[in-house]
Amino acid sequence: MEIRTTTDQDHDVFVNTLHIPFGRFPDTPNAEGGGVWWAALEMDRNLMAVADGRPVGTAGSYSFELTLPGEVVIPAAGVTCVGVLPSHRRQGVLSAMMRYQLADLRARGEAIAVLLASESVIYGRFGYGPATYTQRLTVPRHRAAFAPSRAEAAASGSIELLPRAECWKILEEVYDRYRRAQPGALSRPHRWWEVGAGQPPISSFPRRVAIHRDADGVPDGYASYSLTEPDTLTVDEIITADDATYSALARFALGHDLVTKVVLKHIPLEHPLRWQFADFSAPQVSDHTEWLWVRLLDVPRALTTRGWLTDGELVLDVDDPFLGEHNRYLLTIRDNKAECVRTDREPDLSLDVRDLGAIYLSGTTPSTLVRAGHIRAHHAEAAKHADTLFRADRAPHCLHWF
Ligand SMILES: CC(=O)SCCNC(=O)CCNC(=O)[C@H](O)C(C)(C)COP(=O)(O)OP(=O)(O)OC[C@H]1O[C@@H](n2cnc3c(N)ncnc32)[C@H](O)[C@@H]1OP(=O)(O)O
């Protein structure tokens, strides 16, 4: 078997090969009017496994930007399109592609890879850790009243419904402002907005867009939603950097006539929305799950790029079994900046690179993973101290689908 990086000439073969293990993408490069989703592929970042002259596996990555704690933005490889033909499964094709890809991404100078896992058992072995989490709220409309609040008093502005084709530039601008302020959020390629107005591909329901404008008429948020069943309105995403605007858009969705239930997808776990209902138990919480997986390719660069809140030192003994690497780092934080150098000092924590990926965006704490038996704390204060250093002022969240 050979693994090679693809070129633009491989585009159709790549997509057609990928369709076999997944078998449910709506558009192929050859379909009538299709190919929109695949137009954003970066073929010089993709790879194919070839056996006996035929493609048997695919993997690729987008060149995204990821927002880190401290509102710092870093390039991140968005790993995608991973598939192995059913005839070649469990023969090590994925493992070989992952090894090739991680080496390739490092050679490109990238410090972080991220992905969405089709099954959560797959990627830990390759050094990815679950780093952001999400949930879905289902609200019966007859229980959807909001409690009176200051946010309501502060909210002002208007909501307008626009066809996607007319408003994609507004959506792109609003999304870009939101994602730069939200740790865990990813950039969206310009091409996606241009051709697909940013909507995820797998849906058979037409999506509508409600744009919120502030008191001066400037767009500051939007909701993307569809009527998925006769009586159900599903909100795919509410995008805004402002809490009052978020509430206004949620209320807009919950105020729809001829709908008995509203499903709000991709709600951050600690989001204030839940607290705004007059009846706290009105929203049923479901699909509480991990979303973005993070893999550090260059630990010192990743740690020195994110923002930090508390001064201190921590010695991390990091094991990377998939790449056969083991390094000990001294992390020193002063005035919100970190230095990270190799050291021989005794470690505070020993951890797998997958666990470092999980705590990197502050989505979970080091002490949680110590309690889970993943991270080893070498003295009584180590976990608490690490929690203090790794904390961030905002929980990470990602709702981008790729
Ligand atoms: C970022 C994304 O694109 S996510 C999308 C991933 N793709 C899919 O879900 C499409 C359908 N599935 C597939 O195409 C394939 O089954 C893949 C890509 C998930 C796995 O490919 P394979 O070539 O079979 O994996 P490979 O043989 O390298 O397996 C490596 C190890 O992972 C394990 N593994 C791989 N996939 C799975 C799985 N779905 N469930 C449980 N274990 C798995 C294997 O058992 C093996 O374990 P071992 O090292 O202990 O023996």
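The model I am reading is predicted.

**Entry 1: the ligand shell**

I listed the residues around the ligand and got 23. Pro21, Val82, Leu94, Ser95 and Ser118 come nearest. Next I looked up which elements give two or more residues to this shell: α1 (11–22), β4 (72–84), α2 (93–107) and β5 (112–116). Which element gives the largest share? I found that β4 does, with six residues. I then sorted the shell by residue class.

**Entry 2: positive phi**

Most residues other than glycine have a negative phi. I searched for exceptions and noted two entries. Arg90 is not a glycine, yet its phi is positive, about 55 degrees. I placed Arg90 in the loop between β4 and α2. Is Arg90 buried or exposed? I counted 7 other C-beta atoms within 10 Å, so Arg90 is exposed; the cut-off for exposed is 12 or fewer.

Asn336 sits in the loop between β16 (325–334) and β17 (337–342). With 11 other C-beta atoms within 10 Å, Asn336 is exposed.

**Entry 3: the seven-stranded sheet**

I traced an open sheet of seven strands in the order β8-β9-β10-β11-β12-β7-β13. Its pairing is mixed. Which strands stand at the edges? They are β8 (158–162) and β13 (284–290). Each has a single partner strand, so one side of each lacks a neighbour in the sheet.

I took one pair in detail. β9 (residues 208–213) and β10 (residues 219–229) are antiparallel and share six bridges. In this pair His212 stands opposite Gly221 in β10. Then I looked for a helix on the sheet. Helix α4 (residues 164–181) packs there, touching β8, β9, β10 and β11 (232–240). The direction of α4 makes about 120 degrees with that of β10.

**Entry 4: helix α6**

I tested the length of α6 (residues 243–254). At 1.5 Å a residue, its 12 residues should span 16 Å. The end C-alpha atoms are 16 Å apart, which agrees. How many of the 12 residues of α6 are buried? I found nine, so I logged the helix as mostly covered, taking 20 or more other C-beta atoms within 10 Å as the cut-off for buried. Among the buried residues of α6 are Tyr246, Leu249 and Leu254.

**Entry 5: the five-stranded sheet**

I found an open sheet of five strands, ordered β17-β16-β15-β18-β19, with mixed pairing. The edge strands are β17 and β19 (376–377), each pairing on one side only. I looked at the β19 side. Strand β18 (residues 349–352) runs antiparallel to β19, and two bridges join them. Ser350 stands opposite Arg376 in β19.

Two helices went into this entry. Helix α9 (residues 353–360) lies across β15 (312–320) and β18, at about 100 degrees to β18. Helix α11 (residues 382–390) packs on the sheet and touches β15, β16, β18 and β19. The direction of α11 makes about 100 degrees with that of β15.

Notes:
Residues are numbered from 1 along each chain as its sequence is written. This is a predicted model: local features need pLDDT of at least 70, side-chain atom pairs count only at pLDDT 80 or more; totals for chains, interfaces and linings use all residues. A residue is near a molecule or strand if its C-beta atom, placed from the backbone, lies within 6 Å of it. Helices (H or I, at least four residues) and strands (E, at least two) are DSSP runs, numbered from the N terminus. Two strands pair if DSSP finds at least two bridges between them. Two residues are in contact if their C-beta atoms, placed from the backbone, lie within 7 Å. Axes are lines fitted to C-alpha atoms, for helices over the stretch in contact, and angles run from 0 to 180 degrees between N-to-C directions. The expected span of a helix is 1.5 Å times one less than its number of residues.
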